[in-house]
Amino acid sequence: PEDWIKIIFEYICSTIKDFKYYYSREYNGTLVTVIPSKPGQIDRMGRMLEEIKHLNDERTESISFLTNILRFKIGAKSNKDLSARERLKNINEHLDINKNFKIDKKCVIVIDDVVTTGSSLYSAYKLFKSLGAASVKCMALTKSISK
């Protein structure tokens with residue numbers, strides 16, 4: 001929904017102010033990305049990020065909105081019927097980062113649609129930090145409520 005797009009955009013803008021304040025000496029811009037869909041699934045989050053990207057204004061001059069920096073390798077399973085431990089293993093083995101993008105000293109915002117165990121966001125966090133991100137903020141649109 002359009003209201004969600006605006007709310008997410010405002011969250012990104014307020015987070016960037018924090019980045020610029022806390023990382024003023026090291027701040028090398030902000031990268032905003034999403035947890036990608038598994039191979040063969042519709043890329044809803046990528047589409048959403050493209051809509052957010054078009055709301056740019058003077059607050060977003062130092063932002064790169066990238067839908068293709070993270071990807072799932074072929075063989076990634078749907079997490080739907082996996083236990084928390086199996087989800088983490090599946091994500092750790094299949095979530096990959098496009099190393100052609102410079103991450104060093106960037107502040108990164110990663111958005112996921114649903115958080116159940118946190119495996120996708122946790123794995124993305126670790127990948128970005130391992131490549132030298134100054135800070136990684138994770139955001140989920142909703143939390144799964146299960147038994």
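**Close-up 1. Ser-120 counts as buried, at 11% relative accessibility.** The model shown here is predicted. Ser-120 belongs to helix H4. Its relative accessibility falls under the 20% cut-off, so Ser-120 is classed as buried. Beyond the neighbours within four places in sequence, Ser-120 is in contact with Ile-35, Asn-79, Ile-91, Leu-95 and Asp-112.

**Close-up 2. Helix H3 crosses helix H4 in a right-handed sense.** H3 spans residues 84-94 and H4 spans residues 119-130. Their axes come within 9 Å. The crossing angle is roughly 40 degrees. H3 contributes Ala-84, Arg-87, Leu-88, Ile-91 and Asn-92 to the contact. H4 contributes Ser-119, Ser-120, Tyr-122, Ser-123 and Lys-126. By class, four residues of this contact are nonpolar, four are polar and two are charged. Ser-120, seen in the previous view, is one of the H4 residues here, and Ile-91 of H3 is among its contacts.

**Close-up 3. The charged end of Lys-38 sits over the ring of Phe-72.** The distance from the charged end to the ring centre is 4.5 Å. As for ring-to-ring pairs, a search of the whole structure finds zero aromatic pairs.

**Close-up 4. Lys-105 has a positive phi.** The value is about 65 degrees, although Lys-105 is not a glycine. Lys-105 lies in the loop that joins strand E4 (95-97) to strand E5 (107-115). Its relative accessible area is 42%. That value lies between the 20% and 50% cut-offs, so Lys-105 counts as partly exposed.

Conventions. Residues numbered from 1 in each chain as written. Predicted model: local features only at pLDDT ≥ 70, side-chain atom pairs only at ≥ 80, totals over all residues. Heavy atoms only, no water. Axes fitted to C-alpha atoms, helices over the stretch in contact; angles between N-to-C directions. Helix = DSSP H or I, 4+ residues; strand = E, 2+ residues; numbered from the N terminus. Left-handed = near helix turned anticlockwise from the far one by under 90°. Contact = heavy atoms within 4.5 Å. Nonpolar A, V, L, I, M, F, W, Y, C, P; charged D, E, K, R; others polar. Phe/Tyr/Trp six-rings, centres within 6.5 Å; stacked < 30°, edge-to-face > 60°. Lys NZ or Arg CZ within 6 Å of the ring centre and 35° of its normal. Buried < 20%, exposed > 50% of the residue type's maximum accessible area, 1.4 Å probe, protein only.
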